[in-house]
Amino acid sequence: MILTHFVRGGQMTAGGVMQADTSTAQTLTGTDQAAALEALELPALTTAATHG
């Protein structure tokens, strides 16, 4: 799901990873699920920047 948002977003950068995470979280119906996913944004950004 996040990968789909990442590719559709067209930003193949570390910031694009974070944006895809945010975009995906906005599609979830459960607020707890969305919050848990959004809590992973900074670690995802950091990992993408480190390995990207």
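## What counts as buried

A residue is called buried when its relative accessible area is under 20%. By that cut-off, 17% of the 52 residues in this protein are buried. Keep in mind that you're looking at a predicted model.

## Overall build

So what is the protein made of? It has four helices and zero strands. Read from the N terminus, the order is simply α-α-α-α. The radius of gyration is 11 Å, close to the 10 Å that the globule rule gives for 52 residues, so the protein is as compact as a globular protein of that length.

If you put a box around the C-alpha atoms along the principal axes, the box would be roughly 30 × 20 × 10 Å. As for contacts between residues at least 6 apart in sequence, 28% of them link residues at least 24 apart.

## How H2 and H4 pack

Two packed helices are described by the angle between their axes and the distance between the axes. Here, take helix H2 (residues 14–25) and helix H4 (residues 41–51): their axes come within 8 Å and cross at roughly 155°. That angle is over 145°, the cut-off for roughly antiparallel, which means H2 is roughly antiparallel to H4. The crossing of H2 and H4 is right-handed.

Which residues meet between the two helices? On the H2 side they are Ala14, Gly15, Val17, Met18, Asp21 and Thr22. Their partners in H4 are Glu41, Ala44, Leu45, Ala48 and Ala49.

Note on methods:
Residues are numbered from 1 along each chain as its sequence is written. This is a predicted model: local features need pLDDT of at least 70, side-chain atom pairs count only at pLDDT 80 or more; totals for chains, interfaces and linings use all residues. Side-chain values use heavy atoms; hydrogens and water are left out. The radius of gyration is taken over C-alpha atoms; the globule rule is 2.2 Å times the number of residues to the power 0.38. Buried means under 20% relative accessible area, exposed over 50%, partly exposed in between (1.4 Å probe, protein chains only). Contact means heavy atoms within 4.5 Å. Axes are lines fitted to C-alpha atoms, for helices over the stretch in contact, and angles run from 0 to 180 degrees between N-to-C directions. Angles under 35 degrees count as roughly parallel, over 145 as roughly antiparallel, 65 to 115 as roughly perpendicular and the rest as oblique. A crossing is left-handed if the near helix is turned anticlockwise from the far one by less than a right angle, and right-handed if clockwise.
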